[in-house]
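Morning, everyone. Please have a look at the model on the screen, and then I will walk you through it.

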Amino acid sequence: MKLATQLIHAAQPSEPGTGAIVAPIYQTSTFEQQAPGINAGYDYSRTNNPTRERLDGVLAALEGVEHAAVYASGLAAENAILQALLRPGDKVIVPPDVYGGTHRLLKNVYEPRSHVIRTVDYSDLTTLARTVSSATRIVWVETPTNPRLLIYDIEAICEIAHRHGALVVVDNTFASPVLQHPFEHGADVVLHSVTKYLAGHSDVILGAVLAKDEAVFEPIKTLQNTCGAVPSPFDCWLALRGIKTLELRVKRHTENAFAIAHALKGHEAVARVYYPGLPDHPNHDIARRQMEGFGGIVSLELEGTVDDVREFVSSRRLFKLGESLGGVKSLICHPATMTHAAIPAKTRAELGLTDTLVRLSPGIEDAGDLIEDLLEGLRSVRPKDREACLAGHRPITRKEGSAPARSAR
Ligand SMILES: *Cc1c(COP(=O)(O)O)cnc(C)c1O
């Protein structure tokens, strides 16, 4: 079965008994038993629930493996992986521009518990090859990266990690199962923030872990019941509904991102367009090889002052200012003061995460309308006098950026 058919049929039979084409929401906490310990496969919804089990089955089919478990958020899924797989002293390797919440989880929760967290730039795999050792338990990959949309070579990373017996975990949120299949490139574990493209309508927070081997999956799945970070049946049902149109949506998101990248490249108020589909993107060749499309996110380095950029992101008609991505309605974000505010200014500068960088998550609206909305805003972004700007430049502070107390979402 091809993906478009799987999205409708895989693990989604009509409901036995009633014939309902769409399975009901089993909004129940517990299940009646015939005799103590004798039941129809369900006893308590933290342990298992038919609606959640359906979502597990659909996600496993889409990523082409047997094992899936859904969690109350993408971060709960990440935590389950780390908690289940790490032994004291184990080393985790992450790239520098990993999702802000992943960075915070590793630094604030795992590093203080004597796990060694090493940051390595995967653009240069010789450094990775030198850093991986028998003490490495997990090599964590996220590709495309956020917000610069670098593409890392999953197969080459797996080859290095597996030589030392390390597991490779791939955060496949940005690509979704439509555009990238990490297991086919050797990944051991795949995770999703289902909140984003999979659910796709900006109406739920959900996460998922998928694994190839039973031995890797079993301890992760056990933690779902033991620690209890389970999603509600209703949220699972919303995700099941959203997933039916995943391919249609991701294709449209990608077309829109592609159109925007081409329309804005070379615009006098745009210093740089980050999009893996542009031939001059540094990882364009890996993206062509590894992905089935270049994805739905575009980032822009704008000319003009920080104030111009703040005005630009705050006053768009169609791109709503907000964190998150992958929903049907277009979103715009200012990483320096929003998603990446928790990263120290110095590190942000090293990563090229400037105060004039903007991330776009185009929705499924008409591409022409979206481009018009952006062009209209760019009219008031004045290409800056480079000299004056460099002389007067200082990084934006938290206060100016009015960053929220809990940043790095
Ligand atoms: C949003 C996101 C997460 C975290 O998922 P939540 O559902 O918000 O907990 C993890 N990784 C990536 C790449 C994300 O975009």
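Let's start with S114, which sits in the loop between α4 and β3 (116–119). Helices here are DSSP runs of H or I with at least four residues, strands are runs of E with at least two, and both are numbered from the N terminus. Phi of S114 is near 60°. That is a positive value in a residue other than glycine.

A word on the ground rules. This is a predicted model, so local features need pLDDT of at least 70 and side-chain atom pairs count only at pLDDT 80 or more, while totals for chains, interfaces and linings use all residues. Residues are numbered from 1 along each chain as its sequence is written, and side-chain values use heavy atoms, with hydrogens and water left out.

Next, the loop between β4 and α6. P144 lies there. T143 and P144 are joined by a cis peptide bond, with omega about -5°. From N146 to P147 the peptide bond is cis too, and omega is near 0°.

Side chains of opposite charge can pair when their charged atoms come close. D97 makes a salt bridge with R148, with the closest N and O atoms 2.9 Å apart. Why does this pair matter for the layout of the chain? D97 is in the loop between β2 (91–94) and α4 (100–110), and R148 is in the loop between β4 (136–142) and α6, so the pair ties together parts that are 51 residues apart in sequence. The rule for a salt bridge is a side-chain nitrogen of Lys or Arg within 4 Å of a carboxyl oxygen of Asp or Glu. In the whole structure, the search finds 14 salt bridges.

Now zoom out. The protein splits into domain 1 (3–243) and domain 2 (246–391). These bounds come from an automatic or database domain assignment. The C-alpha centres of the two domains lie 27 Å apart.

How many residues meet across the boundary? On the domain 1 side, 37 residues are in contact with 35 residues of domain 2. Contact means heavy atoms within 4.5 Å. Together the domains bury about 3,100 Å², and 62% of that is on carbon and sulfur atoms. I151, L179 and Y197 supply 25% of the area that domain 1 buries against domain 2, more than any other three residues. Buried area is the accessible area, with a 1.4 Å probe, that two parts lose on being put together, summed over both.

Between the domains the count is 1 salt bridge. D153 forms a salt bridge with R289, and their closest N and O atoms are 2.9 Å apart. As for helices, α1 (3–9), α6 (154–163), α7 (176–179) and α9 (233–243) each give two or more residues to the side of domain 1 that touches domain 2. The largest share comes from α7, with 4 residues.

Last stop, an open sheet. Its 5 strands run in the order β8-β9-β12-β11-β10, with mixed pairing. At the edges are β8 (270–274) and β10 (320–321), each pairing on one side only. Two strands pair if DSSP finds at least two bridges between them. β10 pairs with β11 (residues 331–333) in the parallel sense, over 2 bridges. K320 has L331 in β11 as its bridge partner.
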